[in-house]
Amino acid sequence: MTLFHFFNCAILTFGPHAVYYSATPLSEYDTLGTSIKAAVVYLITALVKLVCLATFLNVSETDSFDPYQELLKALIGFIDVAGLYFALTQLTHRNISQCHKFQAVGLGWAFADSVLHRLAPLWVGARGLEFTWDYIFQGLEANANLVLSLSLAALGSLMWLRKNKPKTLIPIIYACAGIVATMPSITSYLRQGLGWHLPKIVGFELFTSLAMAFISWQLFAACQRPSN
Amino acid sequence: MANCPKKVQNSKPSSVLIDPVYSSMITLLIIVMACVEICDAVTVVDVYRLVQYDIGGVPFGSRLASLNHHAGSSLFSSSSGAAADLSRTVLILPVRELNLTFIKEYIAQRKPLGGLLLLLPPAFSPNADSVGGADHDSVKDLMKEVLVELEQLLIHANIPYPVYFGFEDDGINTVLADVKKNDATGQLATATTGGYKLVVAVPEPKKIASPTIANIQGWLPGLKADGDSNQLPTIAIVASYDTFGAAPALSVGSDSNGSGVVALLEIARLFSILYSNPKTRGRYNLLFGLTSGGPYNYNGTYKWLRSLDQRQRETIDYAICLNSIGSFNNDLWIHVSKPPENAYIKQIFEGFSNVAEELGLKVGLKHKKINISNTRVAWEHEQFSRLRVTAATLSELSFAPELLQSTGGLSDNRHFVDEASVSRRVKLVAESLARHIYDLKGKDINIFADNSSLAVNPSYVRSWLDLLSTTPRVAPFLSKTDPIIMALKKELADHTIEVNVQQEVLDGMFTFYDSTTGRLHIYQVASVTFDLLLLLVLGSYLIVLFSFLVITTRGLDDLISLFRRPPSRKVKTA
């Protein structure tokens, strides 16, 4: 019965990635290789971030919100952006269109993030007899994370891959990219500084991810019009 | 949007390379994680199992150990007056609110039950603050009576499901309150409705192969006169140190017979002081015996006596057995099996009552004839009497206990023993013995006077009582070199010489089974319907997501075409 729960939470956490891959034209163009390369880049980025965190951060005994530590964590979070830049620009992708490239990279990025951060707790925790809502919320968080990764990849591809952008939209693009990149810091501030509980945080993440996705979609569409 | 031609060949080698790495990494991770113990229960408590034993092949006690059922809180469901089907439910019953008649009927009619968890008040825990003394209230006494009755009921019944004892604490109380609330709605917790699940994961109980009993003896040799000391008469002081109770892991037996053991050790200490100086050494040998196997018809005493050399046994003038001398009341009884008119008995009794009068205690004499054909040995002195050795038992119990009664069970803990009482009785016995040894009859001499170097040491009494009250001592579960046996041996060796531990196998009539403690995990589980519902919701979410994505990226026609492939062929050919 508890494996049942594990199965439920697993399909909630990893199902959307598979569905996204199969539902969109990504599967038709067989962009699995791109996604896997993006996942590997994410792993390396995560390792680099870990090393930086271990070196520069000092562990606080209390669970309180320390602005300096959070600032440092946010700065290190920009390594994420650097990794995404590397995945989008430096890796040799096969000849796929820009809009598919960012989707594949974002998908691979989000999948690696889910596996790394959520598979182990799920395996250890959801199989026990004890029932908690935590793993369902974790799955919802993974969904929000997928949308956020896709929006960040879209904005990233707009920033670095598209050469002719309407001048007025550039600051908006950079601003949105900044917001999406600092989303982890914002959530940790809400969790520790304001003391929000898990359901509230997950709700906030879902809402903001959908909002950012909508905005980046509009920006992408707007940038696409001049080139067509 | 540019249409890229599919290049299948290029992607294959890279994915073939990466996939095994990925999958093996994940497999390794999974294996590592599987080894991590899952301990995420609502609460985890130590529980102690009801004893499981056979007498002559007849089974008694709880016959099962592992537990894995849902929790319930009462014998009856609220909706109907008749008892509900509880064969897959574990009942959590606090002993404070227990209705003994219901339990008696339930067990007597052998109704099926998944398991029973009895919650004892925290004051009865061996690790509770031992604030014994005089502040025992009527509530505790009432509780003691209930526990005694419950214990006798449980150990003489054959119960085919696991029975565990636990102590009330905050975690378990909240769980119980929750379970009661759920039961009040009339719905028993089962696999389909969710609720709390109690799990005790222990292996199946096995027979204990050869349960050993260890008798410890020590000598204080008397002063040799002109002849050799082998012909000096001996006085034996004996106490059995092991216990038996409904929960072997909780049977500390502070009064039965912790008080007797402590008294014996203190008497040994006092006489060793006297005997260390040849000028004050008496003309009697003193033999101290700490015997095991007390609850089982004093099997240990039987074996010990037969191991003694016949000549040694014949030199025993008389033996004093100590059994339960620690309670708060002042009455004491000397139990004998030779008729009271016997000269020796009269002598012993007069000696004791004279001293008792001076100390303000009351001692009575009780006579119980031995029936040789009856295997039941109610008092330790009967084992001596069967070998024609004069003996008496000093006890606060006024009549002979039945088999496995008054053997130091659940209710016998530190709160019900008064160390001042024990000290007074020690003084009584020591003084009576000394007057006999040194032939001081009739003279008003106080050998073990308070504030002298031979005074009874109250902190010695207290520390040994405290130690014994935290050590369960059921003989079959003590190993050959158990710490308590070694401690008693060392203590006796401090005061006496020729200390010897005799290891014997317990009489074959009694068989015991292991597994006396366990850890109870209480989980809050969701019902199967919840999981199915969740699966339904997630399935529909994924389907909606899929359709949404197909519609937005490829168009509605593509979605419809996914479901209408076969008919489209027919349309084409036609």
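Cys321(B) is buried, and its relative accessible area is 0%. This value belongs to a predicted model. In chain A, Cys176(A) is likewise buried, at a relative accessible area of 8%. Both values count as buried because the term applies under 20% relative accessible area.

A disulfide is a covalent bond that links the sulfur atoms of two cysteines.

## The barrel of chain B

Strands in a sheet are paired by backbone hydrogen bonds, and the pairing may be parallel or antiparallel. In chain B, 7 strands close into a barrel, and their order is β1-β8-β6-β5-β4-β9-β19. The pairing within this barrel is mixed. On average, neighbouring strands of the sheet are turned by 35° against each other, with direction ignored.

One pair in this order can be followed in detail. Strand β4 of chain B covers residues 67-72, and strand β9 of chain B covers residues 195-200. These two strands pair in the antiparallel sense over 4 bridges. Which residue of β9(B) is the bridge partner of Leu67(B)? The partner is Val200(B).

## The open sheet of chain B

Chain B also contains an open sheet of 4 strands, arranged in the order β7-β3-β2-β18. Here, too, the pairing is mixed. The edge strands are β7 (158-159) and β18 (510-512) of chain B, each of which pairs on one side only.

## A transmembrane annotation in chain B

An unreviewed UniProt entry annotates residues 532-556 of chain B as a "transmembrane region". What share of the chain is helix over residues 532-556 of chain B? The model gives 96% helix and 0% strand for this stretch. The C-alpha atoms at its ends are 31 Å apart.

## A serine in a helix of chain A

Ser35(A) lies in helix α2 of chain A, which comprises residues 32-56. Is Ser35(A) buried or exposed? With a relative accessible area of 7%, Ser35(A) is buried.

When residues up to four places away in sequence are not counted, Ser35(A) touches Ala104(A), Leu107(A) and Gly108(A).

Definitions and conventions:
Residues are numbered from 1 along each chain as its sequence is written. Chains are lettered from A and ligands numbered from 1 in the order in which they are written. This is a predicted model: local features need pLDDT of at least 70, side-chain atom pairs count only at pLDDT 80 or more; totals for chains, interfaces and linings use all residues. Side-chain values use heavy atoms; hydrogens and water are left out. UniProt positions are given in the numbering used here, feature names are shortened, and annotations may be inferred rather than shown by experiment. Buried means under 20% relative accessible area, exposed over 50%, partly exposed in between (1.4 Å probe, protein chains only). Two strands pair if DSSP finds at least two bridges between them. Axes are lines fitted to C-alpha atoms, for helices over the stretch in contact, and angles run from 0 to 180 degrees between N-to-C directions. Contact means heavy atoms within 4.5 Å.
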